[in-house]
Amino acid sequence: MRIVIALGGNALLRRGEPLTAENQRKNVRIACQQIARVHPGNQLVIAHGNGPQVGLLALQGAAYDASHPYPLDVLGAQTEGMIGYMIEQELGNLLPAEVPLATLLTQVEVDAKDPAFQHPSKPIGPVYAKEEAERLAAEKGWRIAPDGDKYRRVVASPRPRRIFEIRPIKWLLEKGSVVICAGGGGIPTMYDGNQLHGVEAVIDKDLCASLLARELDADLPVIATDVDAAYLDWGRPNQRAIAAAHPEELEGLGFAAGSMGPKVQAACEFARATGRPAVIGSLADIEAIVAGQAGTRVSTAHAGLYCR
């Protein structure tokens with residue numbers, strides 16, 4: 001199968017964990033140990049989030065007084081290289097030596113009229129207590145929003161419209177390479193006339209991974225998160241894991257925009273467009289997910305919603 005795996009940025013730097021290179025390396029190694037299990041017999045494309053990482057780079061850049069902070073599109077490109085390097089190395093240490101790996105900087109077109117530019121919602125960077133977040137927002141001109149019991153900076157997250165490097169991604173797959181691409185949802189770009197330029201935004205990696213999977217004619221997108229499935233009544237005593245659902249049933253449940261919502265939307269868009277399933281689940285269960293035995297399987301093949 002041709003499988004697109006979307007890794008969350010928070011899976012690579014976990015919530016509340018110090019944003020150090022050592023912690024990121026440790027988490028990448030754990031992720032790659034799971035991914036390596038499904039490589040035999042399959043083509044793999046790995047996308048990843050970059051929320052914590054791009055926010056950290058923005059903080060580091062802001063500390064340099066001699067220059068204006070680097071824009072988010074440039075920081076997004078930096079995270080693609082940084083995270084791609086770690087994934088290549090850790091996965092390469094696990095796969096047979098003859099398996100090629102490649103990280104591809106990936107530009108993604110967005111629409112200048114996207115309403116997301118007026119309503120920033122994408123959390124980036126570390127979490128803060130409310131008082132510290134409010135102080136930083138006042139000092140740096142940030143917008144902030146709640147993230148669980150903490151607060152984070154939020155930026156515009158326009159929808160991805162086109163992946164410019166889709167042809168070289170296909171060429172690499174045809175040569176047997178594992179491809180790491182569309183990191184952080186891709187580098188946000190738009191046209192001014194016939195000139196392409198970067199945009200101050202961060203694209204949602206799940207929506208971009210869904211677009212990537214459709215354009216690659218993938219058999220299965222796996223949207224990896226830190227829970228084993230989407231849940232009904234999450235956080236309540238009667239919470240139930242959703243085993244399978246039709247897109248219409250799943251979309252009607254109103255999942256939170258800042259957490260499970262984009263994952264559900266991404267899975268539903270792929271299932272509707274292709275007639276193939278998409279799965280939301282834990283990276284630790286990836287072998288069972290690929291075998292159709294774990295995660296929330298989103299498909300148009302059957303009506304309704306089924307819980308475990």
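Helices (H or I, at least four residues) and strands (E, at least two) are DSSP runs, numbered from the N terminus. The structure is a predicted model, in which local features need pLDDT of at least 70 and side-chain atom pairs count only at pLDDT 80 or more, while totals for chains, interfaces and linings use all residues. Residues are numbered from 1 along each chain as its sequence is written, and side-chain values use heavy atoms, with hydrogens and water left out.

Two packed helices are described by the angle between their axes and the distance between the axes. Axes here are lines fitted to C-alpha atoms, for helices over the stretch in contact, with angles from 0 to 180 degrees between N-to-C directions.

| Helix pair | Axes come within | Crossing angle |
|---|---|---|
| H2 (residues 21-35) and H4 (residues 72-92) | 9 Å | roughly 50° |
| H7 (residues 205-215) and H9 (residues 260-274) | 8 Å | roughly 15° |

Angles under 35 degrees count as roughly parallel, over 145 as roughly antiparallel, 65 to 115 as roughly perpendicular and the rest as oblique. H2 and H4 are therefore oblique to each other, and H7 and H9 are therefore roughly parallel.

H2 passes H4 in a right-handed crossing; a crossing is right-handed if the near helix is turned clockwise from the far one by less than a right angle, and left-handed if anticlockwise. Contact (heavy atoms within 4.5 Å) joins H2 residues including Val28, Cys32 and Ile35 to H4 residues including Met82, Ile83 and Leu91. By class, the contact of H2 with H4 has ten nonpolar, two polar and three charged residues.

Within H2, the buried residues (under 20% relative accessible area) include Asn23, Asn27, Ala31 and Gln34. Arginine 25 also lies in this helix and is buried, with a relative accessible area of 17%. Not counting residues up to four places away in sequence, arginine 25 touches Tyr85, Met86, Gln89 and Glu90.

H7 likewise passes H9 in a right-handed crossing. Among the residues making this contact are Leu207, Ser210 and Arg214 of H7 and Ala266, Glu269 and Phe270 of H9. By class, the contact of H7 with H9 has six nonpolar, three polar and five charged residues.

Aspartate 217 is placed in the loop between H7 and strand E12 (220-225). Its phi is near 55°, a positive value in a residue other than glycine. Aspartate 233 is partly exposed, with a relative accessible area of 25%.

How values were computed. Nonpolar A, V, L, I, M, F, W, Y, C, P; charged D, E, K, R; others polar. Buried < 20%, exposed > 50% of the residue type's maximum accessible area, 1.4 Å probe, protein only.
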